[in-house]
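Trainee: I've got a model open and I'd like to learn how to read it. Can we go through it feature by feature?

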Amino acid sequence: MLNDRSSALSLLETRRSGKPRELVGPGPTPEVMKRILTIASRVPDHGKLHPWRFVTVADDQRDALGALLRQALVEHDPCATFQHHQKEDEFAHYAGQLVVVVSAPVANHKIPVWEQELSCGAAAMNLLLAAHAVGYVAGWVTGWRTYSERVRAAFCGPGERIAAFVFIGHASRELEERERPPLEEVWTAWHPPLFDDE
Ligand SMILES: Cc1cc2nc3c(=O)[nH]c(=O)nc-3n(C[C@H](O)[C@H](O)[C@H](O)COP(=O)(O)O)c2cc1C
């Protein structure tokens with residue numbers, strides 16, 4: 001048990017993202033994806049609403065994704081250059097398994113939408129962690145396409161939106177560590193407010 005825990009700690013201490021455009025395939029097998037998505041689903045979820053879903057895009061659907069993104073780009077930026085269109089096509093064809101994380105909050109529920117969205121963020125984070133734990137590298141990207149109505153409608157139902165495009169593959173080079181916030185900037189002890197009569 002102790003060993004299990006220390007290896008879990010080392011996984012948590014070493015996880016980092018890979019740049020999706022630099023990943024190489026193949027992505028996980030369907031069996032491993034099942035395991036990854038099961039872990040991703042194991043997150044705090046006030047009200048047990050599972051207000052998120054995962055949509056996988058198959059390799060043979062990448063051309064269709066490219067066509068969708070290029071069409072959406074025309075609406076997003078009618079002046080987009082050939083290079084920009086090419087970039088979207090490249091995005092659609094990044095290596096590995098693409099998982100689109102969809103935020104699917106239940107409207108008019110006693111659990112505030114904000115809390116449901118936090119649960120979705122936790123699911124996306126667990127997806128990255130699970131991918132790392134099974135030996136893959138993952139990267140979470142968004143960008144203009146996440147907010148395009150055309151792209152949203154291709155992945156989401158009413159009231160839903162895209163939280164993340166997560167690519168899962170292998171690193172083509174050693175991943176760079178990035179700077180992490182100094183703990184003193186993100187950790188303070190609470191000072192209770194003073195009351196008027198104090
Ligand atoms: C909500 C959200 C949106 C992101 N969108 C992008 C993006 O559009 N492009 C990008 O390169 N990275 C994006 N990232 C990822 C980060 O920029 C970066 O990969 C990550 O913070 C690296 O930290 P890590 O190594 O701890 O995972 C996004 C991350 C989050 C949480």
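Predicted model: local features only at pLDDT ≥ 70, side-chain atom pairs only at ≥ 80, totals over all residues.

Trainee: Where does Arg-16 sit, and what is it in contact with?

Mentor: Helices (H or I, at least four residues) and strands (E, at least two) are DSSP runs, numbered from the N terminus. Arg-16 is in the loop between helix H1 (2–14) and strand E1 (23–24). Contact means heavy atoms within 4.5 Å. Leaving aside neighbours within four places in sequence, Arg-16 contacts Ala-138, Leu-175, Glu-176, Glu-177 and Arg-180.

Trainee: Which polar partner does the side chain of Arg-16 have at 3.3 Å?

Mentor: A polar contact is a pair of N or O atoms within 3.5 Å; within protein, one must be able to donate a hydrogen and the other to accept it, and residues adjacent in sequence count only if both atoms are side-chain atoms. The partner at 3.3 Å is the side chain of Glu-177. The Arg-16 side chain also reaches the backbone oxygen of Leu-175, at 2.9 Å.

Trainee: And which residues surround the ligand?

Mentor: For that, a residue is near a molecule or strand if one of its heavy atoms lies within 4 Å of it. Here the shell holds Arg-15, Arg-16, Ser-17, Trp-140, Val-141, Thr-142, Gly-143, Arg-178 and Arg-180. A backbone N or O atom of Trp-140 lies 3.0 Å from a ligand nitrogen.

Trainee: How much of the ligand's accessible area does the protein cover?

Mentor: Accessible areas come from the Shrake-Rupley method with a 1.4 Å probe; for residues, only the protein chains shown count as cover. On its own the ligand has 630 Å² of accessible area, and the protein covers 54% of it.

Trainee: Now a helix. Which residues of H4 are buried?

Mentor: An α-helix has 3.6 residues a turn, so residues three or four places apart point the same way. In H4 (residues 82–92), the buried ones are His-85, Glu-88, Phe-91 and Ala-92. They sit on the same side of H4 because they cover an arc of only 115 degrees around the axis (taken from the directions from the helix axis to the C-beta atoms). Phe-82, Gln-83 and Lys-87, on the other side of H4, are exposed. The cover over the buried residues includes helix H3 (62–76), strand E4 (137–141) and strand E5 (161–171).

Trainee: One more: which side chain joins that of Ser-119 in a polar contact?

Mentor: That of Trp-52, at 2.9 Å. Ser-119 is in helix H5 (residues 113–133) and counts as buried, at 5% relative accessibility.

Conventions:
Residues numbered from 1 in each chain as written. Heavy atoms only, no water. Buried < 20%, exposed > 50% of the residue type's maximum accessible area, 1.4 Å probe, protein only.
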